[in-house]
Amino acid sequence: MATRVERILKGARAKGQKTLSEYESKLVLAAYGVPISREVLVSTQSEAKAAAKKVKYPVVLKGCSADEAHKTEKGLIAVNLGSQAALVEAFKTISKRAGKNYDGAFLVQEMVSGSREIMIGMHRDASFGPAVMFGLGGIFTEILEDVTFRVAPLRKKDARDMLRSIRGHKILGAVRGMPAADLDILCHALMAVGQVALDHPEIEEIDINPLIIRGSKAVAVDALIVLSDSEADGTSS
Amino acid sequence: MADVMEKFFEPKSVCVIGASSTPGKPGNVVVKNMRDAGYKGDVYLVNPRGGEIEGYKVYKSIDELPDNIDQAVVTLPASLAPETVRALGAKGTKAIVLAASGFSEVDHVGEALQDELIAAIRESGARVLGPNTTGHVSVPSSYTSSFFPLGDIPRGSVSYITQTGNFCGISLRHIMSAENYGIARSCGLGNKADLDECDLLEYYGYDDQTKSIFMYLESIKNPKRFLRVARRVSQKKPVFLLKGGASDAGAAAAVAHTGSLAADGRVVDGAIEQAGVTRLRKYSHLFQVAKALDTQSLPRGNRVSFLSPSGAFTVCLTDICRSLNLEVPDLEDKTCERLQEFAPPFIRMRNPVDIFGSVGLVGYEKAYGDALDAVLADRNIDAVVVIMMLTTETGIPKMDFIVDLSKKYPSKPVYVTFMGEHQHNVAAKEYLEPKGIPCYMLVEEPFEVLSLLASCRKNMPVR
C-alpha cells in the first residue's frame, strides 16, 4: 500500500505537479480503504467506449489532469451518459472545451446516484497538524459551511462524534424513504484520511467532494490531493 | 515535574525578590497577601536596602539567602529578570514567579528580553511562572504570590488556569465577595515563557485538592501536548474552557475547499471537543458552573425537574431546557401520585412541578419539601432546580429542608433560583450557599449550568 502511494506521489513530484489528478488522488485514497467510484483512465475515444462497456452505462466522462482542479467550472464533466452515442458526443465536447493544448486524460466513471452529498477533507493546521474535516458536500459545502474538524489521528469515537456534530447530521439518518447511511464506512473513511496525512507529510490538503451516499454506502465521486510546495513543508513538529 | 509543581503550590519556604516597604507597591502587597492568607512557611525578603518589612527581616541580596528556598516571587522590573533567575537558580530555587510586565506582550525590545529570559531559565534549572503574571493562589497551603490584595480566600475544590491575572485578582475578589464557594488553586499564566496551560492542567489532574478545572485561554502554547494532556485529565475530572479571542484564520490561499473552511477557529473547536474539554461561552460561567461543582456532584445526565411557583415558568423554562439540550421527562407514576396527594385536585401534578396550589393548601415548607423529596427520588430525574417565591407577604420559609434533602440525595444536584423580592432572594442565597446549595439570581442560569454539566458528563466515562 505504502509503496504504491509513494510511487504516485513521487511520480507527481517528478513531473512538477502541484496537485494529483482526480484519478491519482482516488488511487491514494483507495489504498487506505476509502471507497471510490469504479473508473477507468483513458486517452482516446475508442478507449473511452471500451471503458464504458466495462464500467457499465450510465457513465460519467471527466477531463482528468493535474491542472484541472475545478472541472465543473470549466465544463469538463458530462454526467449520466446513457449510451455510446451520448458518450462519443460528450467526448468531443469535453475535448474541445479542454483546448488544443490539453495533454490530460479522460476518466470514464460509473454514474453514482444518490441525493445525499457529503464531504471529507484534510487541512494541515499550523498548530495542531493534520486536521480532518467532515461536512455537507456538493454545492452545500460553500453555501452552508456546515463542517467540523478533528485532529489526526482520529479514534473511532472522534469519527463518530464528527458525524453527529454538523448541523445537518440528520442527512445521515433514515430520511425521506432513504436508508440510514452506513456510519462505519464513513468513520473508516475519516480515520483513513487522517492516516494518509500522517503517513505523507508532503500532502498539504485533501478534498473528497462529493462523497455520494448510494443506498446506505458512501462512495467518493471526486477527490483532490494538493501537494506541499516543498517536501519539508508538510512536516510539522 | 511533580516535585517542582509542589514547590509552586505547596512551598515550605518562599523569598520575595524586590520586597518593598511602600504600601501599594507589588513588592509590598505580595508580602501582606502571604501574611493575610495565613501562609505558615518561611518567608525571606530581599531588598538592597535591608532592614525590616512587615515584620520580616530583609536580606540585601540573593547571595545572602539560605540555599534551596522552595519558591521565589520576583517583583523587580523586567530588565532584571534574566540575571535574577540565574542567581536564584544558583541558590537552588526551583520555582520562580515573575510578576514584571514589559516582555513580549509589549514590543520588540520586550521580545528580545523574553528570549534572553528563556535562555536564563534553561540555564537556571528552575521553572518559571510568567512573566507578566499576577501570580498564583494555593488555598490548601494558605499561600499566594499575587500582588493583588486578596485577604483570606475561601477553600474549596475548584481550580483555575487562566491566561489573565483576573483569577488571582479582580475575578477572585468577585468570587470572594459575591459567591460562597471556595477554590483550591488558581494560576495566572502570564506570557507563558516557561510553564504553560499543559503543565498546570497535568498538575491539577493528579492534585487531590482539585476536583474540577476551569480554564480561560487566549492561546494554546503547545497544541498537540494540550490535546494529549487534556484528553487524559478530562477523563478523571470535569475540565471547562473559555477560549478567548478569534483563532488564527485558516490558509487563505488554499487550493482545496477544506483549507478555506479551516477558518474561524474550526480546527481549535474540533480539537477542544476531541480533548473531552467542555466549552464555555460566557465569562460568568467560569463562576456559575464552578459554584455548582464545588459543593454538588456532576449530574448523571440531562434529565431535569423543577419546582415552579408560576405557570409561566413551567412553560418558558421548559422551552429553555429544550434549547439547552436538557430533557424535562415524565415523572414516574408513583411520584405523580405522591405530588397529587398535597395538591388541589384541579392541578394535574407532573414535570415540571407547578407548586403554587400546593403551597396554598399545605404551606410553603411542606409543599416545596415533599415535592423536592418526591422528584429527587424519581429514577427519571438527574437534577432538580427549585424556584423560590419569596415576598414579605407570602412569608419567608425556613430553608433547611433544601439542605437536608440535598444531603439525602448526594448524587443529584439541587440548585435554587428565585422570583420575588430581591432582598429576600439575596438573603436566601447568603443562607443556602454556605450550606452547599448553589443559588442563581436569574431563573435561566441554573439551567445553563446543568446543560454544560450534562455535556461534560457525556465526555466522561460512565461510573
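A salt bridge here is a side-chain nitrogen of Lys or Arg within 4 Å of a carboxyl oxygen of Asp or Glu. Glu22(A) and Lys62(A) make one, with their closest N and O atoms 2.8 Å apart. This is a predicted model, where local features need pLDDT of at least 70, side-chain atom pairs count only at pLDDT 80 or more, and totals for chains, interfaces and linings use all residues. Residues are numbered from 1 along each chain as its sequence is written, chains are lettered from A and ligands numbered from 1 in the order in which they are written, and side-chain values use heavy atoms, leaving out hydrogens and water.

Let's stay with chain A. Together they bury about 890 Å², 53% of it on carbon and sulfur atoms; that is accessible area (1.4 Å probe) lost on putting the two parts together, summed over both. Ser21(A), Glu22(A) and Tyr23(A) supply 50% of what domain 1 buries against domain 2, more than any other three residues.

Now over to chain B. Helices α3 (residues 81–90) and α4 (residues 108–124) of chain B pack at about 5°, axes 8 Å apart. Axes are lines fitted to C-alpha atoms over the stretch in contact, and angles run from 0 to 180 degrees between N-to-C directions. That angle makes α3(B) roughly parallel to α4(B), a label for angles under 35 degrees.

Notes. Helices (H or I, at least four residues) and strands (E, at least two) are DSSP runs, numbered from the N terminus. Angles under 35 degrees count as roughly parallel, over 145 as roughly antiparallel, 65 to 115 as roughly perpendicular and the rest as oblique.
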